[in-house]
Structures are given as C-alpha cells and as structure tokens.
Amino acid sequence: MNRANLRIDIGRLMNRLDRLAQVGAIEGGGNARLALTDQDKDGRDLVIGWMKALGLTVTVDAIGNVFARRKGRKDLPPLMTGSHIDTVRTGGRYDGNYGVLAGLEVVEVLNQAGIETERPITVAFFTNEEGARFHPDMMGSLAYVGGMPLEEALAATDRDGKSVGEELHRIGYAGPEPVAKPSLHRFVELHIEQGPVLDREGVTIGAVDTLQGISWTEFTIKGTSNHAGTTPMRLRHDAGYVAAELTTFVRRLANEIGGDQVGTVGSVKLFPDLINVIPNKAVVTVDVRNTDEARLKEAERRVATFAEETAKAEGCTVEAKRLARFEPVIFDARMADLIERTAKGLGFSVRRMTSGAGHDAQMMQRVAPTAMIFVPSVDGISHNVREFTSPKDLEAGANVLLQVMLDLAG
Ligand code: HGY
Ligand code: MN
Ligand code: MN
C-alpha cells in the first residue's frame, strides 16, 4: 500500500473518543478526570488496555507518565507523539484526549498496513498536564525532561493536602521507570487549538511554532474579620475587598498592556465566607500570559505591586506564592515546516500560529525538536463541556499526524 494513500479511520477514532469521554462523564458531553483521581485512574486503565491490544509495550515512570512503544526496524531513539488524558473539572472531550487517541489510531493504521518504520514510535500521555488539582501544570512532562525534581513533584499537594506521591500510589501508577532520562528523536503533539483563530479564519490546520509564556501566582490576603453591621467603614481591614480590587485590576492591566497579554483570576476563596462577617482571609489565583517575556515580567511586577499597595492601604497583609512559571517557547521551525507542507499536500488549508494554552510539547522542546498540529475549536471554546471540533477537522488533523509521523519515523 502506498503510504501516501494511507488514511486514518475517523469512525474508530470517534468511537475511542466517545468511550474515553464516558469516563468521568459530566452533563453536556464533557468529562471530569482531575489528575490522579479515581476517574483519572479509570481513564488510564482504559487507554492502556487499548495500547496493549495494539501490541504496544507499555511502561510507566515514577511520576506516572505512560509510554507505549511500537518496535521499529532499528533500535533508535523513538519518534514520540502524545498529550494528556487528565482534564479540568469542566473538561471537554477533546482537550488532550484527542492527541493521545489519534496517536493510537496512527499505530492501528500502521499495524493494519503491515508497515514497520525505521524508528520505534512511542505514544505517550503525561501526568497532570492541566495543573488544575496539583501545581504546576505540565508537571509530568516537566519532570520527564528534568525540569522539576521528582521529589518536588511528588510532594505537591492539592487543596485537601493530598500529595502527588500518595495519590500516585493510591491509584497504582507510581511506575518503576526513572524520570529525567528522556530518550526520543522528535516529539509531535496533535491538539485542539482551544482558541478562536482557526475557526474564525476557516483554516483547518495550525502549524504551531511558538507557545506563550505562563505565570501562575496565588495571593493570600489577611485582614480582620469583624461584624458586617457594627464595624464603621474606616475601621475595616477587609481581605475580600482587596481580593475584589485585585481581580478587576488584572482585567484592566491586560487590556492596558494589550497585544497578546491575557490575565485571569480563576479562583477567589473568602474566609469565613459568611454573609455578615467581614472576610479576614482571601486566596486569589492570578494567571497572566504573554508571548513576549519582557511584557510578561512587566505584568507580573505590576500585579504584585498593586496587590501590596492595595493590601497596605486596607491595613491587610499579602503573601504571594508562585505556582507555575514557564517562559515563551519557540518550537522547531523545520518540524513546523513539515507540518505545513504535509497539510498542504493533503489539500488542507494551514497557517503558522502560536499556542495560547500550555502543552506537554512545550516541555519536550527542551530535549528534542518539537512542534504541534492544531485543529479548530468551534467558537474557540475549551475547558468547557461545549468544547467541539467537527469530525471532518478531527480526521484532517489525525491524517496530518499520520503522514508527519511516517516522515519522521522513516
Ligand atoms: O493552562 C493551560 O494552558 C493548560 O490547559 N494546562
Ligand atoms: Mn490540553
Ligand atoms: Mn487543558
């Protein structure tokens, strides 16, 4: 069979996407599988079952990253593809899942065509890409490339004080393989865009050659709880007021800096959280991102200064804790060229673009030439059960992945 005529089976891919979306299924067709929860374990078990059924050799490392290897003619560093199957609490069914399952679909096509590639092919999924339960995000791939000591990752705790290490053991995914021993030739990740660019422009494929910088900070503001009725305004030390000011400042600052700057306050927790008690504590998370490192640093500095000044004026204190910080990433231009060329060769419209979201690929670029393939997200919606990509676009992206992998695996 001429490899140029090989195509993925979209029905089979959609079927696996549907099956995986049933694990931790939530109202509206999405799925909730926060990292290392029982739902994440069930999702892992299901995907590993498919990996084994495809004849792949599955290994698990000490942070729970899973690698499924398909033999090549030569025992060379593998071509690796993959993504994540953990989700946010309001996760859509494509974020992460699509890249992993499309990698398995590519393997199935090669198996059926009896094609043996020169290099081994590995399909991987990494632990806790989302960072929604344990910080930072992309934790598994970061540890894999040696960007975070294993002990530090295992010690990360969630809001209930549970650690990554104990949760990995509880779900049976504290694997025997060491981390920080990356061995791969190239990495390519297929993912939904999660933003509006491709959908708005009517373009089918994104050849992703850069990814923006990410900064996550948790601000803990402390004031004085007091009676909501008897305390004169001039005597208050209201942590909730400081949190509210900080929240609107982040929005104003992002709009003022403009360009690619984005800013989000995704979580505000007030204590004691009662209608008639002035809050004595507030915990506020700030996510600021920019493609430009200098601009990102400016945004971080201004947010921290505003928090300090506003807290001081209110007679409160504030502590900042950094939860994640990744500089902007430049992917491998030749890999992005290959993606662009391949998409055009298959007759798809394609454009170069940056990634607004974080991905495991941004960590893999530290150890091997890496790039990403995007497909459109309808209305740019993601981290929301309404996340949707048409089967036609899912099929296009997986066919680009198939041909790119054939090129890179030889
Ligand atoms: O936050 C992100 O960009 C990714 O979804 N973890
Ligand atoms: Mn993702
Ligand atoms: Mn995500």
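I count a residue as buried when its relative accessible area is under 20%. I am working on a predicted model.

**Phe-187**

I looked up Phe-187 with that cut-off in hand. Its relative accessibility is 0%, so Phe-187 counts as buried. I placed Phe-187 in strand S7, which covers residues 186-192. Asp-332 is 145 residues away from Phe-187 in sequence. In space, the two C-alpha atoms are 9.9 Å apart.

**The core**

I went on to the largest nonpolar core, which has 102 residues. Which residues have the most contacts inside it? I noted Val-47 and Tyr-98. Helix H12, residues 391-409, gives the most to this core, with eleven residues. I also checked the domains. The core draws at least three residues from domain 1 (3-211 + 331-409), and at least three from domain 2 (213-326).

**Ligand 1**

Next I listed the residues around ligand 1. They are Glu-129, Glu-130, Asp-137, Trp-216, Arg-289, Ala-357, Gly-358 and His-383. I sorted this shell by type: four charged, two polar and two nonpolar.

On Glu-129, a side-chain N or O atom is 3.3 Å from a nitrogen atom of the ligand. Gly-358 uses a backbone N or O atom, 2.7 Å from an oxygen atom of ligand 1. For His-383, a side-chain N or O atom is 3.4 Å from a ligand oxygen. How much of ligand 1 does the protein bury? Taken alone the ligand exposes 210 Å², and the protein buries 94% of that.

**The loop between S17 and H12**

I returned to His-383 for its backbone. It sits in the loop between S17 and H12. Phi of His-383 is near 55°, a positive value in a residue other than glycine. Its relative accessibility is 38%, so I put His-383 down as partly exposed.

Asp-379 is in the loop between strand S17 (370-375) and H12. Phi is positive here too, near 60° for Asp-379. Is Asp-379 buried or exposed? I recorded it as exposed, because its relative accessibility is 54%.

**Cis peptide bonds**

The bond joining His-135 and Pro-136 is cis, with omega about 0°. Pro-136 lies in the loop between strand S6 (121-125) and helix H4 (139-144). The bond from Phe-271 to Pro-272 is cis, and omega is near 0°. I found Pro-272 in the loop that runs between strand S11 (262-271) and strand S12 (277-278).

How values were computed: Residues numbered from 1 in each chain as written. Chains lettered and ligands numbered in written order. Predicted model: local features only at pLDDT ≥ 70, side-chain atom pairs only at ≥ 80, totals over all residues. Heavy atoms only, no water. Near = heavy atom within 4 Å. Polar contact = N/O pair within 3.5 Å; in protein donor to acceptor, adjacent residues only side chain to side chain. Areas by Shrake-Rupley, 256 points an atom, 1.4 Å probe, with all protein chains shown as cover. Nonpolar A, V, L, I, M, F, W, Y, C, P; charged D, E, K, R; others polar. Core = buried A, V, L, I, M, F, W, Y, C linked by side-chain atoms within 4.5 Å. Buried < 20%, exposed > 50% of the residue type's maximum accessible area, 1.4 Å probe, protein only. Helix = DSSP H or I, 4+ residues; strand = E, 2+ residues; numbered from the N terminus. Domains from an automatic or database assignment.
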